[in-house]
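Me: I have a structure open and would like to go through it piece by piece. Can you help me read it?

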Amino acid sequence: MHSKTIFLKAATLEAAFRKHKEFLKSGYIFTTDGRDADVVIEIERAPFTTEFPYSIIDPRTHLVIGSGKVNSVGGTVAERFPADLSKQIPAINAVLQK
């Protein structure tokens, strides 16, 4: 996981994922070594907004295999991100199994 914004630290996001049941059921784990990663998640913050767009990247092919955005209005991005990303796990798995 790579956060390209000072408004969201990777460690904060990782802690939120560890509390999310759907993500834990997926079997994915975190690594600090990109060479061992199944996917890389890059998170940014759209300037002057509360939106945090993200991309899910296959590190072998460098292709974007998923994307979305989370809004921090009424909560924190770290709290909302795992639920948003978990919706994409079936599609991610399908791409990675090819």
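Predicted model: local features only at pLDDT ≥ 70, side-chain atom pairs only at ≥ 80, totals over all residues.

Me: OK, His 20 then. Buried or exposed?
Reply: The relative accessible area of His 20 is 17%, which is under 20%, so His 20 is buried.

Me: Where is His 20 in the chain, and what does His 20 touch?
Reply: His 20 lies in the loop between α1 (10-18) and α2 (21-26). Leaving out residues up to four places away in sequence, His 20 touches Pro 82, Ala 83 and Ser 86.

Me: How do α1 and α3 cross?
Reply: Helix α3 covers residues 77-86, and its axis and that of α1 come within 8 Å, crossing at roughly 55 degrees. Angles from 65 to 115 degrees would count as roughly perpendicular and those under 35 as roughly parallel, so α1 and α3 are oblique to each other. The crossing of α1 past α3 is right-handed.

Me: Which residues meet there?
Reply: From α1 there are Thr 12, Leu 13, Ala 16 and Phe 17, and they meet Ala 78, Phe 81, Pro 82 and Leu 85 of α3. Sorted by class, this contact of α1 with α3 has seven nonpolar residues, one polar residue and no charged ones.

Me: Switching to strands. Which side chains of β2 are buried?
Reply: In β2 (residues 40-43), Ile 41 and Ile 43 point to one face and are buried.

Me: What does β2 pair with?
Reply: β2 pairs with strand β3 (residues 51-58) in the antiparallel sense, over four bridges. Val 40 has Ile 57 in β3 as its bridge partner, and Glu 42 has Ser 55.

Me: How many bridges join β3 and β4?
Reply: Eight, and β3 and β4 pair in the antiparallel sense. Glu 51 stands opposite Asn 71 in β4, and Ile 56 has Gly 66 in β4 as its bridge partner.

Me: His 62, then: buried or exposed?
Reply: His 62 has 64% relative accessibility, and the cut-off for exposed is over 50%, so His 62 counts as exposed. His 62 is in the loop between β3 and β4 (63-71).

Me: How far is His 62 from Pro 47?
Reply: His 62 and Pro 47 are 15 residues apart in sequence, and 25 Å apart in space from C-alpha to C-alpha.

How values were computed: Residues numbered from 1 in each chain as written. Heavy atoms only, no water. Buried < 20%, exposed > 50% of the residue type's maximum accessible area, 1.4 Å probe, protein only. Helix = DSSP H or I, 4+ residues; strand = E, 2+ residues; numbered from the N terminus. Pairing = 2+ DSSP bridges. Contact = heavy atoms within 4.5 Å. Axes fitted to C-alpha atoms, helices over the stretch in contact; angles between N-to-C directions. Parallel < 35°, antiparallel > 145°, perpendicular 65-115°, else oblique. Left-handed = near helix turned anticlockwise from the far one by under 90°. Nonpolar A, V, L, I, M, F, W, Y, C, P; charged D, E, K, R; others polar.
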